[in-house]
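Here are my notes on this one, in numbered points. Have the viewer open while you read.

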Amino acid sequence: MTRPKLTYFDAAMSRGEEVRLALRIAGVDFDDNRIKRDDWPAMKETTPYGQLPLLEIDGHAPLAQTNAILVLIGRRHGVHPADDFEAARHEGMMQHVEDLRAAVSPTIRMVDPERKAAREALVAGTLPAWGRFAERNITGAGPFFAGDKANVVDVKLHMAVRWFLGGNVDYIPATIFSGFPRLMAVHDAVREHPAVKAWYARG
Ligand SMILES: N[C@@H](CCC(=O)N[C@@H](CS)C(=O)NCC(=O)O)C(=O)O
């Protein structure tokens with residue numbers, strides 16, 4: 001059996017990095033196939049949904065859609081709940097992160113003054129509401145979504161917070177989610193996870 005192959009852009013961000021971190025937390029060694037932006041247009045039509053990431057596993061067609069990939073990794077390697085209702089609760093939160101991306105991503109293609117106005121509107125309403133609903137659904141003892149064990153949902157929440165925490169998204173404060181302690185605890189716990197630390201120390 002060859003190791004799984006993950007295909008994404010050459011950047012430590014968004015959905016691709018989510019899958020990389022999930023694989024490492026799951027203890028899975030993988031082929032980290034990073035493609036150049038210039039190569040993407042020719043490749044796009046060859047993928048199941050015209051988007052990345054893709055996960056390839058022996059004996060199967062390439063799998064797309066990040067949450068499906070994460071749930072598969074989680075189920076196979078014990079980092080997604082076995083209980084079906086608890087799993088669905090995790091998947092609900094995973095979809096909440098995708099809803100955040102759906103709200104913010106259109107502003108990436110905008111230019112000022114449209115971008116500034118759109119992001120200021122997000123900061124005034126959508127983003128604090130997103131954080132409030134995320135916080136409300138992190139109900140366990142922490143630091144992770146479901147207590148003391150990291151699951152694939154935690155990686156998704158980590159990436160959501162990290163998107164803004166570096167202060168690199170114009171007009172959205174780095175502190176946008178700092179008023180949500182359980183959400184921040186998930187972010188920090190994933191950052192401090194030994195597999196995640198090892199991933200970023202790999203050089
Ligand atoms: N619903 C998809 C969305 C995937 C997606 O939007 N991927 C982006 C990168 S994060 C992409 O492929 N962008 C290039 C394009 O759409 O041409 C998922 O969850 O995987």
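**Notes on the model**

1. The largest nonpolar core has 50 residues, and Trp130, Leu157, Phe177 and Leu183 have the most contacts inside it. By core I mean buried Ala, Val, Leu, Ile, Met, Phe, Trp, Tyr and Cys residues joined through side-chain atoms within 4.5 Å, where buried is under 20% relative accessible area (1.4 Å probe, protein chains only). Helices α1, α3, α4, α5, α6, α7 and α8 each supply at least two of its residues, and α6 gives the most, with 8. Helices here are DSSP runs of H or I, at least four residues, and strands are E runs of at least two.

2. On provenance: this is a predicted model, with local features needing pLDDT of at least 70 and side-chain atom pairs pLDDT 80 or more, while totals for chains, interfaces and linings use all residues. Numbering starts from 1 along each chain as its sequence is written, and side-chain values use heavy atoms, without hydrogens or water.

3. Leaving aside neighbours within four places in sequence, Phe177 is in contact (heavy atoms within 4.5 Å) with residues including Leu100, Trp130, Phe164 and Met184.

4. Strands β1 (5-9) and β2 (31-35) pair in the parallel sense over 5 bridges; pairing needs at least two DSSP bridges. Leu6 has Asp32 in β2 as its bridge partner.

5. Now the ligand. Residues around it (a heavy atom within 4 Å) include Tyr8, Arg15, Trp40 and Pro53. An N or O atom in the Lys44 side chain is 2.8 Å from a ligand oxygen. Gln65 has a polar side-chain atom 2.7 Å from a ligand nitrogen, and Thr66 has one 2.7 Å from a ligand oxygen.

Methods:
Polar contact = N/O pair within 3.5 Å; in protein donor to acceptor, adjacent residues only side chain to side chain.
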